[in-house]
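Below are some comments on the packing of side chains in this model. Please read them alongside the coordinates.

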Amino acid sequence: MDWGNIFIYMLCAGIGLVAGWIVGLVLKAALFFAGEGVRRVISVVILLAGIGAAIWYLPEYVRPHAEPIIADLLKEKQAPVSIERNVEKKPVDTEAVAKAIELALQDLQDPFFEAVLAREPNRAETVKDRMVSAYGRGGQPALVSELQQAAQDTINKSFPYYMARGQETDLLNAVRNIKLVIEVMSTNDPETCHLWLYGSVTGKNFDFDKYIIAIGEDRHKDLQQNLAAVVRDASDVLPEYDEMLAEQRLGEISDQLIDRMGVEKVGLVTSGQEPEGPEDARLACDATGEFFRYILEDDLAIDILRHRYLTSAG
């Protein structure tokens, strides 16, 4: 119910009532020669006419002045009332949560993620809060799910940042390992390989279990250890490099990639084009492996890699 409009119309009616009553009194005095009955009827008619005319004409003039007052009155009327309830809060078992987090991290087997948390206390605290909240909602399964999501979020944001700032040896070792993983996956499961590389662009979910089956747990651990080394020893500031020359060489290598893919298929690695089948996925993965090979063989490999990861951090 719109109490504001009701109040305004009632106010206008009140004004019309007063005006009609006054006019009625004046007319009753002026029509002294008429009978009492006639004067009474005229007074009532004038009174009703005053109310009707006021409701019809006055709201648009009254509203601008009345609405601020109405708003204040309604605000006071609708102000929330604080009611204290004796709700017993279930205490958080900090020891159980800590044990659950420890087990989840062990199962995750992600040294890169742990290295990022070790370097970024604020992020570590945020991740811990997320896991504690998840554990409260659904126990260990919810905590594990939240941890996996937190790890994926961290990889997306932190991976290019640390790769651009990594020490030369660490950066080269990590990229060589990435190239090896691509080659193995392209052979064993090209569609999972494409998801691993470009799933964030296509918007499709990545199947971690298929990824492990395709490359094996040992190769996954080696990759993660190499990436963790990049994080641990990365510089706090971006090392200097020849940005213009690196951009030029990266462009030339990208052109080689486009030539290899062809204009109809280059979207598989540049713009979220989805593979039509395993052969498309393998074409994209093999081309990406070649892309890294071209970079690693270049005399400016470090500069090109820094620039590549810096510009992909977005």
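1. The model is predicted: local features need pLDDT of at least 70, side-chain atom pairs count only at pLDDT 80 or more, and totals for chains, interfaces and linings use all residues. Residues are numbered from 1 along each chain as its sequence is written, and side-chain values use heavy atoms, without hydrogens and water.

2. The largest nonpolar core has 46 residues. A core here is a set of buried Ala, Val, Leu, Ile, Met, Phe, Trp, Tyr and Cys residues joined through side-chain atoms within 4.5 Å; buried means under 20% relative accessible area, exposed over 50%, partly exposed in between (1.4 Å probe, protein chains only). Met163, Ile178, Leu227, Met261 and Tyr309 have the most contacts inside this core. A second, separate core of 13 residues includes Ala104, Leu117, Ala150 and Ala151.

3. There are six aromatic pairs in the structure. Rings of Phe, Tyr and Trp (its six-membered ring) pair if their centres lie within 6.5 Å; planes under 30 degrees apart count as stacked, over 60 as edge-to-face and the rest as tilted. Phe208 and Tyr211 form a tilted pair because their planes are at 40°, with ring centres 5.7 Å apart. Phe208 is partly exposed at 39% relative accessibility, whereas Tyr211 is buried at 2%.

4. Phe291 and Phe292 are both buried. Their planes are at 65° and their ring centres 5.6 Å apart, so this pair is edge-to-face. Phe112, Phe159 and Tyr309 are linked by ring pairs into a cluster.
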